[in-house]
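Visitor: I would like to learn how to read a charged contact in a model such as this one. Could you take me through it step by step?

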Amino acid sequence: MGLTGVRSGSKDKDSKSSSKRKLEKKLSFYNKVHNAIEKKSTKKKKLRSRQKKLKAYDLSGLSEFLPDLESLARTPTVKDEKINCKSRQALVKKEAARMQAVLKDPSFMKDPFEAIHKHLLATQPPMQEDNKSVSKGKKKEKKKRVKKAKSSTQDMEM
C-alpha cells in the first residue's frame, strides 16, 4: 500500500526546485531585513536633522533672566479667599463707598480722564526701557505715534 500517483523521477526534480525555492526565500528575507534596517537608519537621520533645527529655537538660555516660578507662587498678589454671599456683599459695599468717594472728588468732577490718567501714573510703576535694545526704526515709529496722539488730543480740545 504505497502512495499512488507518485513518480520516482519527479522526486529529484522536486528536491532541486525546492532547494532553489528555499534559497530564493532566504534571499528575499535577507533583502527585506536589509531594507528595513536602511529605512530605520534614514528615520534616525531625519530625526537628528529635526533636532538640530529645534536647537535654533531653544530658549532655555533665557531662563536665567526670568523669575522663578516658586517665588511667584509663594507671593500671591490677590488674597485667596473663598467668595461666599457675605464676603461678596461686603465687597460690594466697600466698592460702592469707594466709587462714591471717586465721584465726589473735585478733580474727577472737573476732568474724569485726566484724574484717571494721574491715578494710573501714580499707582503703576514706570516702564523701564533699554535704549540699546530699541532700534532706530522703532524710535522713529514711537515719535510718530506720540506726535499723532498729541495732535489728536489738540484737535479734540478745539
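Visitor: Which side chains meet in a salt bridge here?

Guide: Side chains of opposite charge can pair when their charged atoms come close. In this predicted model, the side chains of Arg98 and Glu95 form such a salt bridge, with 3.4 Å from N to O, and a search of the whole structure finds one salt bridge.

Visitor: Where do Arg98 and Glu95 lie?

Guide: Both residues belong to helix α3, where Arg98 and Glu95 are three residues apart, about one turn of the helix. Helix α3, which spans residues 85-104, is also where confidence in the protein chain is highest, at a mean of 93, whereas helix α6 (residues 136-157) has the lowest, at 62.

Visitor: How exposed are the two partners, Arg98 and Glu95?

Guide: Arg98 has a relative accessible area of 48% and therefore counts as partly exposed, and Glu95, at 37%, is likewise partly exposed. As for the protein chain, 1% of its 158 residues count as buried.

Visitor: Which residues form a positive surface patch?

Guide: Arg21, Lys22, Lys25 and Lys26 form that patch. Arg21 sits in helix α1, which covers residues 10-55, and is partly exposed, with a relative accessible area of 48%.

Visitor: How many helices and strands does the protein chain have, and what is its mean pLDDT?

Guide: The secondary structure comprises six helices and zero strands, while the mean pLDDT of the protein chain is 75, with 61% of its residues reaching 70 or more.

Note on methods:
Residues numbered from 1 in each chain as written. Predicted model: local features only at pLDDT ≥ 70, side-chain atom pairs only at ≥ 80, totals over all residues. Heavy atoms only, no water. Patch = residues over 30% accessible without salt bridge, like charges linked within 9 Å, V, L, I, M, F, W, Y side chains within 5 Å. Areas by Shrake-Rupley, 256 points an atom, 1.4 Å probe, with all protein chains shown as cover. Salt bridge = Lys/Arg side-chain N within 4 Å of Asp/Glu carboxyl O. Lys, Arg positive; Asp, Glu negative; His and termini not counted. Charge placed at Lys NZ, Arg CZ, Asp CG, Glu CD. Helix = DSSP H or I, 4+ residues; strand = E, 2+ residues; numbered from the N terminus. Buried < 20%, exposed > 50% of the residue type's maximum accessible area, 1.4 Å probe, protein only. pLDDT = per-residue confidence, 0-100.
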